[in-house]
Amino acid sequence: MNQTLAATCEQSAAILTPTLVAHGYHVERSFDLRNALDNRDDCPCPHHGTDQCTCQYMVLLVYEPDTQAPPASITLHECDGLTQVHVESNRRDGALPPSLVSVIDETLYSASDRIG
């Protein structure tokens, strides 16, 4: 599942996280590129060719309620004000729960209307 939002990573995470929580999912931010690069001056950008990367990349882990299933991963990659949202399952069968797909689709669709 992939979608692009005309929003920053922070805006995208701020839209997705509370909506998922309201539907009973537990969300953890497991990686944040800006935090990882704090106090680093040696990070060239592969997208812009600049000496210092200004892109953002986050990974959200989404745990289903009342299950021991591995979390789904939502990656958010922001470059030039657009965020690529990619959702994938960490289950052996690779399937995303239909209820999670529905919540994310609805959230991103309504976010596109509000932001774009």
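1. The backbone nitrogen of Cys-9 lies 3.3 Å from a polar atom of the Thr-83 side chain, a polar contact in the sense of a pair of N or O atoms within 3.5 Å, where within protein one must be able to donate a hydrogen and the other to accept it, and where residues adjacent in sequence count only if both atoms are side-chain atoms. This is a predicted model, in which local features need pLDDT of at least 70 and side-chain atom pairs count only at pLDDT 80 or more, while totals for chains, interfaces and linings use all residues. Residues are numbered from 1 along each chain as its sequence is written, and side-chain values use heavy atoms, with hydrogens and water left out.

2. Thr-83 belongs to strand β5, helices (H or I, at least four residues) and strands (E, at least two) being DSSP runs numbered from the N terminus. With 0% relative accessibility, Thr-83 counts as buried; buried means under 20% relative accessible area, exposed over 50%, and partly exposed in between (1.4 Å probe, protein chains only). Leaving aside residues up to four places away in sequence, Thr-83 touches, among others, Gln-3, Thr-8, Cys-9, Ser-12 and His-77, a contact being heavy atoms within 4.5 Å.

3. Helix α1 covers residues 9–22, and its end C-alpha atoms are 20 Å apart, in agreement with the 20 Å that its 14 residues should span at 1.5 Å a residue, the expected span being 1.5 Å times one less than the number of residues. Buried in α1 are Cys-9, Ser-12, Ala-13, Ile-15, Leu-16 and Leu-20. Seen down the axis, the buried residues of α1 fall within an arc of 165°, so they line one face of the helix; the arc is that of the directions from the helix axis to the C-beta atoms. Ala-14 and Ala-22, on the other side of α1, are exposed, and the helix is followed by Gly-24, whose phi is positive, near 95°.

4. The largest nonpolar core has 22 residues, and Leu-20, Val-62, Ile-74, Leu-76 and Ile-104 have the most contacts inside it; such a core is a set of buried Ala, Val, Leu, Ile, Met, Phe, Trp, Tyr and Cys residues joined through side-chain atoms within 4.5 Å. At least two residues of this core come from each of α1, β3 (56–63), β4 (72–79), β5 (82–88) and α3 (98–115). Not counting residues up to four places away in sequence, Leu-20 touches Val-62, Ile-74 and Ile-104, as well as Tyr-25, Val-27, Leu-100 and Val-103.

5. Along the sequence the chain follows the pattern β-α-β-α-β-β-β-α, and 38% of its 116 residues are buried.
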